[in-house]
Amino acid sequence: MSLIRTLTAKPWLEQTPEDLPALGRLPMPTARVGLVVFLAVVATLFALLVSAYVMRMSFGDWRPLPALPVLWLNTLVLALGSVALHLSVLGARRGKWTTTRLRFLFGGLCALAFLAGQLVAWRQLDTLGYFVAENPANTFFYLMTALHGLHILGGLVAWERTAVKLWSRSGAAGLQLSVELCATYWHFLLVVWLVLFGVLLADTQGLFVPHMHHGF
Amino acid sequence: MVQTAVIGDERAGVEPEHHEPKSFLTKYIWSQDHKVIAIQYTVTAITVGLIALVMSWMMRMQIGFPYSLGFIDQDRYYQFVTMHGMIMVIYLLTALFLGGFGNYLIPLMVGARDMVFPYVNMLSYWTYLLSVLVLVASFFVPGGPTGAGWTLYPPQAILPGTPGREWGIIMMLVSLVIFVAAFTMGGLNYVTTVLQARTRGMTMMRLPLTVWGIFVSTILGLLAFPALFVSGVMLLLDRVLLTSFFMPSIVSMGEPLGYRGGSPLLFQHLFWFFGHPEVYIVALPAFGIVSDLISTHARKNIFGYRMMVWAILAIGVLSFVVWAHHMYVSGMNPYFGFFFATTTLIIAVPTAIKVYNWVLTLWRGNIHLTVPMLFSLAFIITFVAGGMSGLFLGNVVVDVPLSDTYFVVAHFHMVMGVAPILVVFGGIYHWYPKVTGRLLSDAMGKFHFWVTFLGTFAIFFPMHYLGFVGMPRRYYDFSGINFIPDSAHTLNAFITIAALVVGAAQGVFLFNLVWSAFRGRLAGGNPWRATTLEWQTPETPPGYGNWGPRLPIVHRWAYDFSVPGADEDFLPQNHPPSRETAETAHGRPIAKGTMA
C-alpha cells in the first residue's frame, strides 16, 4: 500500500542524483482534495449531531416527531437534483454543453425546491404544535434540517458561480471540474439528508428502544 | 544538468500566473499572500494574548493579596478566569500556531509559492478577526463577559447568578462559532497545501517535522472543532430559545425555569471531544517546531525521524479516544473511567518516544545555546514536568481527590500553557530573521528567556504543593478556610509576585520585536545555517511568490547536518547530491540551477 510505503521511507538513505521522485501529489485535482477535506469536516459535524441525538433520546422526556409526508417528497426532489447533476457531469465529459447546462440548471432548481419543501415541513410542524423548544426531538429536527439547509445554500452559491461560467464561457478550462465538484457536493448532501431522515424515521417507528439514562 | 523545474497546474502543465498586488490595500490589508496573512494572524493573536495576560495578573492579585484591588469583585474574578482561559487556548495558541506559524511556514517549507486557496486563506484571517472582535466586544455589553469558566459547562453557564449570563455568554458562543468557521477555512488550506503543493522531490517523509506537526494538528482541528461548533450552537439555543439540549429541570433562585430533561453530561462529552484534541492541536505544532529548532541549533540530524512522524500520527489518533479523562468527577459510568484511563496512559508512549528522541538528538550534538535553543531546552524540561503530573491525573483514583485543586492548575499550565508558549517564543526568535531580515537582540532575548523560564516555574511548580494540601481551584476568596495553612497564603503571595514579574518581562520581548525590526543586526538569508527550504529563498524576507522565477528542487531530507565529507556542516534540502556546488555570496553551497 502506498500509504505504508510512504510512511516507511528512509529519507536519510535516499540518493536521487538523476531520477528525482515524482511530485507526490494525490492523483486528483487540488480543488477536489480541498472539497474532500471540507466534506470530512461536514461529515464530522453531522455525525456528532446524530450521536448527540441518540444520546439525548434515551432520556425520558423524548417524544418522537411524526414523519411528515412532505419529507418524502423533499427527499425525492433532492435525489432528482443529485441525478441531474450526475447527468450534467456526463454531458460535460462528452462536451455536450447545451445538455450539460440544462441538467445543471435543473439540479440547482431541485435543491431550491428541496429548501422550499423543508420550509413547508417547518410550517406544518409549527401548525401541528411541534414548537422548537417544546421537546428535544423537535429541537433536534429543526437544528439538523437548518444546518443541512445552510450547507445546501452554500452549495447553491458555488452552483450559481458555476452556472454563470457555463453560460458565459462554456468549454473553458476547469469548467468540467467545477461541474464535477458541484455534483460531488450534491451527492454528499443527499447522503447526509438520507442519514438524518433515516434517523428520524427510525425514531418515529420506535426502532430506538427508549431506555432510561444510566449515565455514559 | 537539469536542476530546476517549473511546477504548475497539474492539468495545464504550466505554472499559473501570479499577479503581484501593487496597491497598499491589496498588499498589506486585503492580502492573499500567506506571509502577510501569517503576520496578521500573529499580531492579532499576540494582542488578545496581552489582554489575557493582564487578566491573569488581576486573578493573581486577588489570590495573592486579597481585596488589594478594589474593582475585583467575585463576578469580575470569574470573568477574568473565563476569558483568560478561552483567549489563551483558542484565540492565542491555536491561532498563533496554525494561523501564524502554519501560514508562514507551510508554503515556504514545502517549496510552494503560496497556499493553494489564497482567497479562502484571506477570508480565514478576516473571519478570525471578526471572532476576536465579537469576543472583545463582550467586555462592553451589559453585565460584561461570561464568567462561566472556559469550559462553559451548563447548567451554570446560562443560569441567573453566573456573571455575563445576559449577553456575555451569547457573545462568547457566537464568537466561538465564528472562530470555527475561520479555522475551517484556514485548515482546508494547510492540509491541502501540504498534500498537493509540495515542490519536486519533497516527499512526505522529507517534510520537516514542523510541517508534520502543523499538518496533523490541523487534521485534528478539522475533526474536533465541529464538536465545539455543535455544542456551541446547542448551548446558544438553550440560552436563547429555552430549548433543553443540556438543561435539566431546574429551580433557580426559588423559581422553576422552563427547562426540562436536558443532559449537562452530553455537553461535557461534546465539549471534551473537542477539548482534548485541542490540547494536541496546540502541542503537535510545538513538537514539530521544537524538533527542528533542536536539530538546527545542535547541528545534528533529528534522532529517529520516522519514529517522530509515527509518534505524531499516533498521538493524533489517540487524542480522539481520551476525552472523558476530563470527566472523572462528573458522575459518568465508572467503567468509562477505566477505559479512558487506559487510553490516556497509552498516549504517554508516543509522547515519551518524542522526548527521548529530542534528548538523543542533543546527545553529543554541537549545542549552540542560542535563544531558540534555550527555549527548546526549557520546553523539554517544562513539558516533562507537566507530562509527569498528567500520569498522576490520568488515573481515576488519583484524579478524584486532586481534580478540584491547584494540582490540576499546575499540570495543565505547565503542559499546555507554558510548554507551547516557550516554543512560540523559540520559534519567533528562530524565524524572525526570515520574516524581517534582522536578528532579534540576543541580550534582550536571553533576559526574556531566563525571566520567563525561571519565572513560570516559580509560578506553577509551587501550585503542585498547594494542590496536595487541598487548596481548591476556582475559589475567589480563601479566607476563613481552616485547612489551608498560612504558609499556603505566603506561597500564593510569592506566586503572584512571580506572575507580575514574568508578565512584565514580556514587555521586553515586545520591545525587542519592534526595536529589532529597525535596529536589529542584519541577518542575511540563512543566519542559523539551517537546511530547510524557507532559509534558501532568493530574497529575505521572501518576495511575492517566494522563489523568484524557479521553484526549488528537493534532493534530501531536512536534517543533513554534519554529513561526513561535506564541505559545510549542513546541506540544504535543495542541495544536489553531486559534488558540484557553487559558492554563493553568502558563502553557502547552493544548487547551481536555483540561481537561474
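These legends walk through several close-up views of a predicted model. Local features need pLDDT of at least 70 and side-chain atom pairs count only at pLDDT 80 or more, while totals for chains, interfaces and linings use all residues. Residues are numbered from 1 along each chain as its sequence is written, and chains are lettered from A and ligands numbered from 1 in the order in which they are written.

**View 1. The domains of chain B.** Chain B is assigned domain 1 (34-249 + 257-367), domain 2 (375-528) and domain 3 (531-596); such bounds come from an automatic or database domain assignment. Taken over C-alpha atoms, the centres of domain 1 and domain 2 of chain B are 18 Å apart.

**View 2. Where domain 1 meets domain 2 in chain B.** Here 38 residues of domain 1 of chain B are in contact with 34 residues of domain 2 of chain B (contact: C-beta atoms, placed from the backbone, lie within 7 Å). On the domain 1 side, α2 (34-64), α3 (74-110), α7 (264-297), α9 (334-346) and α10 (348-362) of chain B each supply at least two residues. Helices are DSSP runs of H or I, at least four residues, numbered from the N terminus. The most comes from α7(B), with ten residues. By class, this side of domain 1 of chain B has 27 nonpolar, ten polar and one charged residues (nonpolar: Ala, Val, Leu, Ile, Met, Phe, Trp, Tyr, Cys and Pro; charged: Asp, Glu, Lys and Arg; polar: the others, Gly among them).

**View 3. Chain A against chain B.** Turn now to the two chains: 41 residues of chain A are in contact with 50 residues of chain B. On the chain A side, α1 (2-7), α2 (30-57) and α5 (136-168) of chain A give two or more residues, and α2(A) gives the most, with 14 residues. This side of chain A has 27 nonpolar, eleven polar and three charged residues.

**View 4. The largest nonpolar core.** This core has 223 residues, and B:V230 and B:F375 have the most contacts inside it. A nonpolar core is a set of buried Ala, Val, Leu, Ile, Met, Phe, Trp, Tyr and Cys residues joined through C-beta atoms within 7 Å. Its largest share, 24 residues, comes from α3(B). Leaving aside neighbours within four places in sequence, B:F375 is in contact with B:L422, B:V423, B:F425, B:G426, B:Y429 and B:F449.

**View 5. A look at B:I428.** This residue lies in helix α13 (residues 406-436) of chain B. B:I428 counts as buried because 23 other C-beta atoms lie within 10 Å (buried: 20 or more; exposed: 12 or fewer; partly exposed: in between; C-beta atoms are placed from the backbone).
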